[in-house]
Amino acid sequence: MGRLSVNLCGIELENPVIPASGTFGYGYEFAELYDINCLGTFSFKGTTKEPRFGNPTPRIAECTAGMINAVGLQNPGVDKVISEELPKLKACFHKPVMANISGFCVEDYAYTCEKLDKDQQVGWLEVNISCPNVHGGGMAFGTDPQAAAGVVKAVKAVTTKPVIIKLSPNVTDIVSIAKACEDAGADGISLINTLLGMRINLRTGKPVIANTMGGFSGPAIFPLALRMVYQVAHAVKVPVVGIGGVSRAEDVIEMMMAGASAVEIGAANLVDPYVCRNIIRDLPQIMDEYRINNLQDIIGGR
């Protein structure tokens, strides 16, 4: 293993840098800008059982040190992802990729995960449980330990690859939800997803986003994300993927010291499409500055 190498659920990554789902498409768009094989891996656009057009526009609102989005899981559905998107991805990315899956009932999650589990290039299944449970009154699966565990059990019953559960920060006790997922068989935890936020247009007095509220992300949420990563990483035995406000090599190292085995970069990709490449380039210099020999050695502290 090299200085930057880490292990995520039994699969070695050349480095811990992972573009987050929803900010990197299906990879081939960014492959036109640079060789994306420099990445540890990436999490492709959230995929659902059926095609989704997404929420009405406007979907984006700028904020100080961040942004709000309410895209609404727009995607062509799992069948087209497998038949059309993944072959294009395979032509430009030659490592295992992380498949991000969303659903609105347990059966949706199981169906979509089972299909993507069979794709040779998929290395991990990142299951986003921040979606509303249509059979549970609309409350997100990730806000209730029992509901979260139900998704994990259903997905693990039909898959063979590592299942990483992506948690929402919009909860009172994220540790209890993470532990419920671990107890149900999750192979890893990724966190945090976006916070719920909104903006109001001062001229109209109405919300900027058509959906009223959306997911708040960007540098402003880094301290909150770091705190939750620390709490969860010290409460579970499975690997944790840190997400939230990461935009520099120093942020990656800080996330790993908090307990993350790998780190996803989200909103920063929308500001600077080269940010992940640049973070990987900068990591050795920052490691030297802080006398870090290997990144694997700093996970959870020094």
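User: How are helices defined here, and in which helix is D117 found?
Analyst: Helices are DSSP runs of H or I with at least four residues, numbered from the N terminus. The model is a predicted one. In it, D117 belongs to the helix spanning residues 106–117, which is α3.

User: D117 is buried and has no salt bridge; which side chain of opposite charge is nearest, and how far away is it?
Analyst: A salt bridge needs a side-chain nitrogen of Lys or Arg within 4 Å of a carboxyl oxygen of Asp or Glu. The D117 side chain does reach the backbone nitrogen of K161, at 3.0 Å, and K161 is among the residues D117 touches, along with L125, V158, T159 and T160. For opposite charge, the nearest side chain is that of K161, 5.3 Å away.

User: What is the relative orientation of helices α6 and α7?
Analyst: Helix α6 (residues 222–233) packs on helix α7 (residues 249–258) with axes 8 Å apart and an angle of about 30°. Angles under 35 degrees count as roughly parallel, so α6 and α7 are roughly parallel. The contact involves F222, A225, L226, V229, Y230 and A233 of α6, and D251, E254, M255 and A258 of α7. The orientation is therefore roughly parallel.

User: Which elements do the buried residues of helix α5 pack against?
Analyst: Helix α5 covers residues 174–183, and its buried residues are I174, I177, A178, A180, C181 and E182. At the start of α5, a side-chain oxygen of D173 comes within 3.3 Å of the backbone nitrogen of V175. The buried residues pack against α4, β8, β9 and α6.

User: What is the relative accessible area of V263?
Analyst: V263 lies in strand β13 (residues 262–265). Beyond its neighbours within four places in sequence, V263 contacts P16, V17, I18, V241, G242, V246, V252, M255 and M256. V263 is buried, and its relative accessible area is 0%.

Definitions and conventions:
Residues numbered from 1 in each chain as written. Predicted model: local features only at pLDDT ≥ 70, side-chain atom pairs only at ≥ 80, totals over all residues. Heavy atoms only, no water. Helix = DSSP H or I, 4+ residues; strand = E, 2+ residues; numbered from the N terminus. Buried < 20%, exposed > 50% of the residue type's maximum accessible area, 1.4 Å probe, protein only. Lys, Arg positive; Asp, Glu negative; His and termini not counted. Polar contact = N/O pair within 3.5 Å; in protein donor to acceptor, adjacent residues only side chain to side chain. Contact = heavy atoms within 4.5 Å. Axes fitted to C-alpha atoms, helices over the stretch in contact; angles between N-to-C directions. Parallel < 35°, antiparallel > 145°, perpendicular 65-115°, else oblique.
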